[in-house]
Amino acid sequence: MDWLNALIQGILLGGLYALFAAGLSLIFGVMRLVNIAHGDLIVLAAYMGLTTTIVLGVHPFVAMLLVIPAMALFGYVLQRGILNQTLGDDLLPPLLVTFGLSVIIQNALLEVYTADPQKMDAGALETASVSVGGLSLGILPLMTFGIAVVIIAGLQFIFYRTALGRAFRAVSDNQDIAQLMGLNRRHVFGLAMALALAVTAIAGILLGIRTSFDPSIGGGRLIFGFEAVIIGGLGNLWGTLAGGVILGAAQTLGAKIDPGWQLLAGHIVFLFILAIRPNGLFPRISG
Amino acid sequence: MSAEAEMILQLENVQKAFGAVVVADALSYEVQKGEALGVIGPNGAGKTSMFNLITGTLRPDSGRVLYDGNDVTQQSAARRSQSGMARSFQVPQPFSGMTVFENAMVAATQSAGLRGRSAEETCLEVIEQTELMSKANTLAGKLTLLDRKRLELTRALCARPQLLLLDEIAGGLTEAECAALVKTIKNIHASGVSIIWIEHVVHALLAVVDRLIVIDFGKKIAEGEPHAIMQTPEVQEIYLGIEVDA
């Protein structure tokens, strides 16, 4: 029963990892941009949530209503103002610039919030649980997983059923031709980053409710996000959810063996999958 | 009404060079509204570059491009597309990861600015017209050459163009396919769309166009009534080589 419990906790944790990964996956899918600052953007969103809850005295879920649009706007401006200029045939400039952005965000957060760990207070929700067949499941992890499923389904719908999604896919497929079809690539990329950071805002706040955070943890979240994307296969959002679940389950089962094995077990499973399926489990696009 | 308002497109002394290679040399001509203009010239004469200059993919070094009476020389390709310019490519370039219908929808929504049902209906009408209905849900990357050419035309037409630029769309087709394509293009022309058509398949071109220009080394070397132009020594020289003096 203990093992089953750990497995289920891991699966639910996977929902959070999938949310870390979804924004990363979206950005890479649309504009082939590897965003090294993604983890720090998650942490930034958590701090924005923290500030909102403290200043306005509202619940973290209410804070989302402010943080989501704020992060989306930040994403659009960031893309139009800086990142668009780095995109081209060479993959290196965006890597370097987002790496720099990562350092800047970390240090700015350190300056404003200090290195003390912080946590958002979600009240009774944090400890509430339901009992299912002898297992005690936390409401918050269940909600997190539910939100992840809804967000992935929503992104999937946007990508394959709306004009915006066709714009994303057309630009991703052939930028030059898309321009000739009346699509302004810079604007479309801005919208993609806005959407990605809106998802990141949700991920950041859920992270901040679940655990304590400080300005230095972005790197770790970035790695989890990357691993989820790559396990699932590039360009497949449902695959990303599966990747998050596999990673989350591996970590909690690893921790069950020995608490020191938590992170290592996740990385080992990631390496193992990469070795047998270099394109991930459910790849949709090549390269 | 001024004479300018009658023109869908005017090129004024357009100049463009890549290093020593001149692709447009003081190029000037006009296309009237509703006119079909044919463009011929040897390979490498700058015909496709001329399309790039018109659509905004390339900016001229000097000179002006006027579209529907407005100077669009500094406008983006996206902007020009939205105001009614559409082109097909010599080498088809579909969005290969999207279906034929989705490719059409991109043009209809982004370029023509249609929404919802009217976008879908326009796309289906055009797909019917270009005979791709049976492949509407096929990924564009999986189409044959003929179907890719049809998709080029489909996408251009879904943009509801006022000015349609066709780049060697008849190349590589069989006689029967070519005849069907000529019929389609005639219908498009008859519906009032202005056309500029670059083509090496001269008989297809002559069946449609009202006027012909000849380009060589980025320069316009002849212009006029199509059949007369084909008889001029310059064109004969380009297409058949220099006659040996008897």
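How many bridges join strand 1 of chain B to strand 2 of chain B, and how do the two strands run? Eight bridges join them, and the strands, residues 7-18 and residues 21-32, run antiparallel. Before I go on, a reminder that this is a predicted model. Its scores are ipTM 0.76 and pTM 0.85.

Let me stay with that hairpin. Two residues sit between the strands, and B:G19 takes a positive phi near 60° there. Further along the pairing, B:V14 of chain B stands opposite B:L27 in strand 2. Strand 1 of chain B is also joined to strand 4 of chain B, residues 62-67, by five bridges. Those two strands run antiparallel as well. On that side, B:Q15 has B:S62 in strand 4 as its bridge partner.

A word on confidence in chain B. The mean pLDDT is 89, and 95% of the residues in chain B reach 70 or more. Confidence is highest in strand 8 of chain B, residues 194-198, at a mean of 95. The lowest is in helix 9 of chain B, residues 233-240, at a mean of 76.

Now the contact between the chains. On the chain A side, 15 residues are in contact with 21 residues of chain B. Helix 6 (163-173) and helix 7 (175-180) of chain A each supply at least two residues of that side. Helix 6 of chain A has the largest share, with six residues. Sorted by class, the side of chain A that touches chain B has seven nonpolar, four polar and four charged residues.

Next, the core. The largest nonpolar core has 160 residues, and A:L19 and A:A192 touch the most other members. Helix 8 of chain A, residues 185-210, gives the most to this core, with 18 residues. Which residues does A:A192 touch, leaving out those up to four places away in sequence? They are A:L26, A:I27, A:V30, A:M31 and A:F168.

Last, helix 5 of chain A, residues 139-161. Helix 5 has 23 residues and reaches 32 Å from its first C-alpha to its last, close to the 33 Å expected at 1.5 Å a residue. Its buried residues are A:P141, A:T144, A:F145, A:A148, A:I151, A:I152 and A:L155. What do these buried residues pack against in chain A? They pack against helix 1 (2-31), strand 2 (135-138), helix 8 and helix 10 (237-257). So much for helix 5. That is what I have for today.

Definitions and conventions
Residues are numbered from 1 along each chain as its sequence is written. Chains are lettered from A and ligands numbered from 1 in the order in which they are written. This is a predicted model: local features need pLDDT of at least 70, side-chain atom pairs count only at pLDDT 80 or more; totals for chains, interfaces and linings use all residues. A nonpolar core is a set of buried Ala, Val, Leu, Ile, Met, Phe, Trp, Tyr and Cys residues joined through C-beta atoms within 7 Å. A residue is buried if 20 or more other C-beta atoms lie within 10 Å of its own, exposed if 12 or fewer, and partly exposed in between; C-beta atoms are placed from the backbone. Helices (H or I, at least four residues) and strands (E, at least two) are DSSP runs, numbered from the N terminus. Two residues are in contact if their C-beta atoms, placed from the backbone, lie within 7 Å. The expected span of a helix is 1.5 Å times one less than its number of residues. Ala, Val, Leu, Ile, Met, Phe, Trp, Tyr, Cys and Pro count as nonpolar, Asp, Glu, Lys and Arg as charged, and the others, Gly among them, as polar. Two strands pair if DSSP finds at least two bridges between them. pLDDT is the predictor's confidence in each residue, from 0 to 100.
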